[in-house]
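User: I'm new to this one and would like a slow walk through it. Could you start with a term I'll need later on, and then take my questions as they come?

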Amino acid sequence: MITEISPIKLLLKLSLLEFRKNFLTLRMGVLLPILILFILGSSWGFSDENANLPAEVNANNPFEVLFLTSLFILFSSTLGIVLVGFDGISKKRISGLLAIEFCQPISKRILGLSQLFGLWLTVTIPTIILSLFAVVLIFKQMNMWPSLAELILFIFATSMLLFWYSSIQLLVSCLARDMGSAVTLGVGTWLLFTMIWLLVTALLATVFGVDVTNTSNEKFISFSSKVDLFSPNGLYQLLLESQLENLSRKLPAWMLVLATISWSLIPSTFFVWIFTKLRA
Amino acid sequence: MEGSLLELKDVGFNYRLYSPKIINPFFKKEGLGIEKISMRMDPGNIIGLVGPNGAGKTTLMKVLAGLLVPKNGIIKISGKLIDNNERPLWAKKLIGMMPENINWYGTSTPYQEIKKILIIRNMNTRNINFILKQVGLNNKANETLNSLSQGMKQRLSLACALIGNPKILLLDEPMNGLDPVARTAFNQILKNLAESGRTILISSHQLAELERVVDSIIVMHEGKIIEEGKIIDIKNKYKIHEDLILKFKNKVGNLRTIMSNFKNESLNFEELDFDGFVQVTIFSPNKGWSIDQKMLILEHFIDNCYTPYDFSSPKITLTDILSAVTGLDATKIGMNLQRGYYRVEEE
């Protein structure tokens, strides 16, 4: 006798299965040392009072160290999402496995969401665990803990960042028709937000008549912070900056909340919609 | 029409192919597909779906499995009308599909893949070994997909289709990559499944392969069903019968006289000289012939002091049936398919 399973329970089971499958791959074998080096190394280094940091970088308390560590998370963990997820859908589609899954008596929406949560958990779990270890390292160096609110904000923002990246990666993976385009689209979107965003900001500033020759002027800073709302990396930084004092890049809280909700809903909803329309 | 598990009426589907234009880079044009397909599948039947490459077999299978949404027509499963846009889950439970050439690869194992399908279907994961044993993969359960041979991958695909004991099985080119021993075992599995009341649609472009297991066949060409029924009935309808081939070490003298003396029947024949042997092909009469009649011809040659060292009657192939049904020359059937593509290009 088969009893009906609730969609939430089914989603959870499939997400965990996907997470386990992703986690036990060679890609994670490559990624884990990078995460360990970047997250633990940066938190250890930035919290060392003898470390020589550039003049404008201050790390006087644990949260400021975590903020600086977030720059390394932006580079390594988001790259991890790309590494694991760039072919998350396209590989199944090309190999024909998607056809087998689509034949099964399950809603495509649940199947798509399980892919998304599976990918998200694969990189988020080690990132968060390493971040907690980083907090311990910071305590060893500075003899100070971040406040609970700061820690929760850091974990929340980091988890959200990786969720946004997971949605984007799977979305572009749905659009990819072969392995080549999957790599190009996956790495391309990562490059756009991680490397090229400053150029995009400068271009937009020029278009809107904002002086880009002096990036420390107030008008440019205000403009760039608004443009950053349209980038997951930018929004992540803005969320963390909201806890930092003496920073000129302050945006109203409603803007941050709206951007966070939008980034959490729009790419993931769009991904699930595209996934349900996919032809296996 | 009662009792039918699956029924199609005038079902059509066309692929939308990217055809970028300067003014519209996302322009899609209508490509090939299937047209006006009407068929039914009754419980316990094994139906063969045959046709050349590009005939629409896989497309039809995908439409039946709910992977492709038909643009028109009616589909009924267990007598109930199905919404073409969204296949209900109860209907999906009744169908097991084995798609063509699934490329199982990666470090996952057959055990894990079966487990995932069982979880999706909300079934007990303790049955994994039983399912793998059904297809002879129990000793490969924990090996990586990368280490499986093509035949084993086919078995894994079949195992996935069998999960949940679906009433309708759709098997797309299931024999690809299977060795002769596995094929025999596979045929036996199919017969057992049909005996237990399941309906099986099995596609192939190898008619001889299907002949041993199917009850009837559906012949497809250029997206349409051009003939259906029992193989023997189709052969009789189009007067397609096996010829006789006799091989002799030396040339047969007065062959015409020998043939004209045979039971007052006028049989057409052909004599070909090869290096080291002579091949005499006796074309089948329109009404076909029995084994006894073939033996009589053999005896007739022996009585006339010509004993062949080889005697055979090659099986009818899909090409023979297609050329008979379409009226096209066997060598032009593939070309005709190409014309189909060109026609779409012109549109």
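Analyst: A residue counts as buried with under 20% relative accessible area, as exposed with over 50%, and as partly exposed in between. Please keep in mind throughout that this is a predicted model.

User: What lies over the face of Y309(B)?

Analyst: K249(B) does, at 5.8 Å from the ring centre. In chain A, the charged end of K108(A) sits over the ring of F102(A), 4.4 Å from the centre of that ring.

User: Let's stay with rings. How many aromatic pairs are there over all chains?

Analyst: The structure holds 21 aromatic pairs when all chains are taken together. One of them is formed by W164(A) and W263(A), and this pair is tilted, with 45 degrees between the planes and 6.5 Å from centre to centre.

User: Where do W164(A) and W263(A) lie in chain A?

Analyst: W164(A) is part of helix α7 (residues 148-175) and W263(A) is part of helix α12 (residues 253-277), so their pair ties together parts of chain A that are 99 residues apart in sequence. W164(A) is buried, as its relative accessible area is 0%, and W263(A), at 13% relative accessibility, counts as buried too.

User: Which residues form one aromatic cluster?

Analyst: The cluster is made up of F38(A), F46(A), F72(A), F75(A) and W190(A). F75(A) also takes part in a nonpolar surface patch of about 720 Å², together with V183(A), V187(A), L191(A), L192(A), M195(A), I196(A), L199(A) and L203(A).

User: Which elements give two or more residues to that nonpolar patch?

Analyst: Those are α8 (179-194) and α9 (197-207) of chain A, and α8(A) provides the largest share, with four residues. I196(A), another residue of the patch, lies in the loop between these two helices and counts as partly exposed because its relative accessibility is 35%.

User: Switching topic, what does chain B look like overall, and how many helices and strands are there in it?

Analyst: Chain B contains twelve helices and 14 strands. Its C-alpha atoms fill a box of roughly 75 × 55 × 45 Å along the principal axes, and of its 347 residues 46% count as buried.

User: What does the domain assignment of chain B give?

Analyst: It gives domain 1 as 6-102 + 166-237 and domain 2 as 244-312. The C-alpha centres of these two domains of chain B lie 41 Å apart.

Methods
Residues are numbered from 1 along each chain as its sequence is written. Chains are lettered from A and ligands numbered from 1 in the order in which they are written. This is a predicted model: local features need pLDDT of at least 70, side-chain atom pairs count only at pLDDT 80 or more; totals for chains, interfaces and linings use all residues. Side-chain values use heavy atoms; hydrogens and water are left out. Patches are made of residues with over 30% relative accessible area and no salt bridge: like charges are joined within 9 Å, nonpolar side chains (Val, Leu, Ile, Met, Phe, Trp, Tyr) within 5 Å. Accessible areas come from the Shrake-Rupley method with a 1.4 Å probe; for residues, only the protein chains shown count as cover. A salt bridge is a side-chain nitrogen of Lys or Arg within 4 Å of a carboxyl oxygen of Asp or Glu. Buried means under 20% relative accessible area, exposed over 50%, partly exposed in between (1.4 Å probe, protein chains only). Domain bounds come from an automatic or database domain assignment. Rings of Phe, Tyr and Trp (its six-membered ring) pair if their centres lie within 6.5 Å; planes under 30 degrees apart count as stacked, over 60 as edge-to-face and the rest as tilted. A charge sits over a ring if NZ of Lys or CZ of Arg is within 6 Å of the ring centre and within 35 degrees of the ring normal.
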